[in-house]
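Subject: Structure handover

Hello,

Please find the structure below, with the sequence alongside. My notes on what was found follow after it.

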Amino acid sequence: MSHPILITGASGGPQGSTGRLVAGLLLKQGIPIRAFVHKLDARSDELRQQGAEIIEGDLLNPASVKAAMKEVKRAYFTYPVADGLLEAATIFAATARDAGLELVVNNSQFQGTPDDPAFRDLQRAPSFRNLQHRLADRIFDWAQVGAVHLQTPPYYENVRALVGRSVAEQDAAFLPWGDDKTVIPLAGAEDVSRVAATLLAKPGVPSQNVYPLVSEAPTVRKIVETLGRAIGRPIRYVAITDEQWAEAVKERINPHALDHLTHLWQYFRKGEEHYRATDAIRAVTGRNPQTLEEFFRKNATSVGAKKS
C-alpha cells in the first residue's frame, strides 16, 4: 500500500483511544500511517519512533485537514466526546470528497441492529451526542467517500473509568443505572480498533457500510459480579440518582460528555430496547471478541484489585 492511511485521534485519549490502537495495529503490519495529532508531545514522539508520519492539526481547521489528506486514499475518523463533532465530521467528509478518498472508517455510536425499529431513527436517539453521530453518519454517506460506520456502545474502558476509584476505596460501584436488571450493551476498544484496522488494511471496499459492534449485553448485576470475580472480592452495586452521579463526576467529565452520559443512562434504564451481542467483530477479524471478564482480569490493578 503506497498511500499512507490517515488516522485521526492517533495520540489517544483518556479512555478508549481507538485512534492510537488503530495506528499501532497498522504499523505492526508495515502499513504507512499518517498520524493526525492535536499537539506534539511524548505520545506523538513514540508514534514517530514506531514509523508513523506525524501531522499536527485540528479537525475543526479545514486547512490542516486538507494538508493531512494530501495523497491519502483511506482514513479513520474519530472525535472525542466533546463539542464540535458535527463541524469536524462535515469538514472531514467534504475534504475527503474533494481529495477523492475511497474509504473512510467512521467511529460512530451504537444505533440498534438493522432489524431494530430504532435503527437510524433520528427521533429515538438516546442523547444529543448520539443524534449528532446519526447525523454525522449521513453526512459521510452523502459525501460518497466509501464511508463505513462502526456503531459502538459504551466501551469496557468507560466502565473501568466510572467505577475504578469507588471499587478501590469502598468495594462498591455507585452508578445511576437503576436496578440491577438494567442491560448495558458494551464492547472493548481493542476489538473496535481491530475491526477498523482490518477494514482499512484489506484491499477493496467493505461489503457493508454499517457494522454494529456489541461484544456483550450484560445486566448491571452481571457486570458487578464479573468485576468482583475478576479482582477476587465481592463488589456492591449502589444505585444513585442522576444528580448525585453528576455531582460526583463533574470535575472529571466535560459538560458535553456529562450531558451525553446522563441521557444515555436514562435511556438504558427505560429498558425499551432488547440489546444483544452481534457477530460483526468475529466476522470481520476472524477472532472472537474480548469478554468483559477478560478485560477486567487484564486491567485488574486499574479497577481496584488489591496488590499482593
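Helices (H or I, at least four residues) and strands (E, at least two) are DSSP runs, numbered from the N terminus. The model is a predicted one: local features need pLDDT of at least 70, side-chain atom pairs count only at pLDDT 80 or more, and totals for chains, interfaces and linings use all residues. Residues are numbered from 1 along each chain as its sequence is written, and side-chain values use heavy atoms, with hydrogens and water left out.

Two residues by position

Lys222 belongs to helix 8, which covers residues 220–231. With a relative accessibility of 43%, Lys222 counts as partly exposed; buried means under 20% relative accessible area, exposed over 50%, and partly exposed in between (1.4 Å probe, protein chains only). Lys222 and Leu292 are 70 residues apart along the chain, and their C-alpha atoms are separated by 9.9 Å.

Ser302 sits in the segment that follows helix 12 (292–298). Its relative accessible area is 35%, so Ser302 is partly exposed. Ser302 is in contact with Arg160 and Gly164, leaving aside neighbours within four places in sequence; contact means heavy atoms within 4.5 Å. The C-alpha atoms of Ser302 and Gly164 are separated by 6.3 Å, although the two residues are 138 apart along the chain.

Two strands pair if DSSP finds at least two bridges between them.

Strand 6 (residues 147–152) runs parallel to strand 8 and is joined to it by 3 bridges. Within this pairing, Gln151 stands opposite Pro212 of strand 8, and Leu150 has Tyr211 of strand 8 as its bridge partner. Strand 5 (residues 103–109) is joined to strand 6 by 6 bridges, and these two strands also run parallel. Here Val105 has Val148 in strand 6 as its bridge partner.

How many of the residues in strand 6 are buried? The count is 6 of 6, and the strand is mostly covered. In a regular strand the side chains alternate between the two faces of the sheet. In strand 6, Ala147, His149 and Gln151 point one way, while Val148, Leu150 and Thr152 point the other way; all are buried.

Strand 5 holds Asn106 and Ser108. Asn106 has 2% relative accessibility and therefore counts as buried. Not counting residues up to four places away in sequence, Asn106 touches Phe77, Asp137, Phe140, Val148, His149 and Leu150. Ser108, at 3% relative accessibility, counts as buried. Leaving aside neighbours within four places in sequence, Ser108 is in contact with His133, Asp137, Leu150, Gln151 and Thr152.

Helix pairs

Axes are lines fitted to C-alpha atoms, for helices over the stretch in contact, and angles run from 0 to 180 degrees between N-to-C directions. The axes of helix 1 (residues 18–28) and helix 7 (residues 189–201) come within 8 Å, with a crossing angle of roughly 50°. That makes helix 1 oblique to helix 7. Angles under 35 degrees count as roughly parallel, over 145 as roughly antiparallel, 65 to 115 as roughly perpendicular and the rest as oblique.

Helix 1 makes a right-handed crossing with helix 7. A crossing is right-handed if the near helix is turned clockwise from the far one by less than a right angle, and left-handed if anticlockwise. From helix 1, Thr18, Leu21, Val22, Leu25 and Leu26 take part, and they meet residues of helix 7 including Ala189, Glu190, Arg194 and Leu200. By class, this contact of helix 1 with helix 7 has 10 nonpolar, 2 polar and 2 charged residues. Ala, Val, Leu, Ile, Met, Phe, Trp, Tyr, Cys and Pro count as nonpolar, Asp, Glu, Lys and Arg as charged, and the others, Gly among them, as polar.

For helix 9 (residues 242–249) and helix 10 (residues 255–270), the axes come within 11 Å and cross at roughly 150°. That makes helix 9 roughly antiparallel to helix 10.

Regards
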